[in-house]
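Colleague: I have a model to read with you. Where do we start?

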Amino acid sequence: MQVDKEHVKLGIWGPTSGGKTTFLAALKIATFANTYGANWAITSLDDPSEAYLNEISGFLMDQEFPEGTTSQTGVLRYRLTAAPPSDWLSNIGRNIFKVFGLSGEAAVNIELNIVDYPGSAFENSRLQDSRYENLPEALAKCDALVFSFDPIRELDGKRENFRFFDNIAERIRRQTFTDNPDQLQLGQFLAVCITKFDDSRILERLEQAGIFHLPDSIEEDRPNPTPEQAKFVFDYLAHKFLKNAIETNFHEDRTEYFLSSSIGFYVAPGQNFNPDDCSNLEEGKIRGEVSPINVLEPLMWLESKVRQLRIKESR
Ligand SMILES: Nc1nc2c(ncn2[C@@H]2O[C@H](COP(=O)(O)OP(=O)(O)OP(=O)(O)O)[C@@H](O)[C@H]2O)c(=O)[nH]1
Ligand SMILES: [Mg+2]
């Protein structure tokens, strides 16, 4: 891990159709929502990054999913900032920032270096594909990683998420351990994002098992699950091979879980959240306004952990 660089270098990987590109598109939409009372903005640091983000977030704002990624994007560079307004109405937002280890007074300032790969690049055979040969190296150089865990793929009991996780973790280990033979685990921070948590198939399964319930009153806010709830859900859904692989590769205190939805839940215009009518999907299309859940939070968590470590190591 590089401690001398100011910005946090972040990489995303996960299975084909797991929701990686939609997550990135949702990041832009999430910045419009004044999350935790702060003024978020995402700024593209070069033209290709701007064009890509505009394209994919444009789809999402038009209530359509971006198309599947067909080629590696190159390194996309963005700066994610949050400037707390001077007249915060309450301390709630400030306190939440503190929970993430971010100072309630300071602005958030994260530089994201993201490579958006097609999920197919993580399949074994494709790693022989010369277009993706630098992928493990690029991910090994990141300070922080997001693994997009597709819960839909896990429902049938197959080990698809594990296969995608393990293929690339093995390559990152090889890359890392060649340079550092004494190292036993990877040094990166890992956010495991359980994507598509709004999907009714997932919610029904979780409800039936008593693992997670939507708020049962329309008076309550829309769901905003905590990392503890996410870990609980992950432990229920994920194949044990994947759980073991995460623990083997990443330090427990450098791993966190998030229940994410890039599209969020449907709320009828002018009404409150209604648990009996909250699916934001209708015949495969996005039904209402996109309101991402736990899309900014994993990045806030990763950034704060990397920053805390750098401060500790520089003492
Ligand atoms: N319900 C729900 N479905 C989602 C969400 N995000 C993505 N999807 C579904 O998953 C599909 C794939 O999403 P992508 O973002 O393209 O996935 P990806 O990981 O970038 O896929 P590749 O680029 O093909 O590897 C979308 O077309 C949607 O059908 C979400 O937040 N909620
Ligand atoms: Mg994609």
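Modeller: Start with Glu 283, in the loop between β8 (281–282) and β9 (285–286). Strands are DSSP runs of E, at least two residues; helices are runs of H or I, at least four; both are numbered from the N terminus. The model is predicted: local features need pLDDT of at least 70, side-chain atom pairs count only at pLDDT 80 or more, and totals for chains, interfaces and linings use all residues. Residues are numbered from 1 along each chain as its sequence is written, and chains are lettered from A and ligands numbered from 1 in the order in which they are written.

Colleague: What is the phi of Glu 283?

Modeller: Most residues other than glycine have a negative phi. Glu 283 has a positive one, near 50°.

Colleague: Is Glu 283 buried or exposed?

Modeller: Count other C-beta atoms, placed from the backbone, within 10 Å of its own: 20 or more is buried, 12 or fewer exposed, in between partly exposed. Glu 283 has 5, so it is exposed.

Colleague: Which loop holds Ser 17?

Modeller: The one between β1 (10–13) and α1. Ser 17 also has a positive phi, about 65°. With 19 C-beta neighbours inside 10 Å, Ser 17 is partly exposed.

Colleague: How do α1 and helix α2 (residues 47–61) cross?

Modeller: Two packed helices are described by the angle and the distance between their axes. Here the axes come within 8 Å and cross at roughly 80°. Axes are lines fitted to C-alpha atoms over the stretch in contact; angles run from 0 to 180 degrees between N-to-C directions. α1 and α2 are therefore roughly perpendicular (65 to 115 degrees; under 35 is roughly parallel, over 145 roughly antiparallel, the rest oblique).
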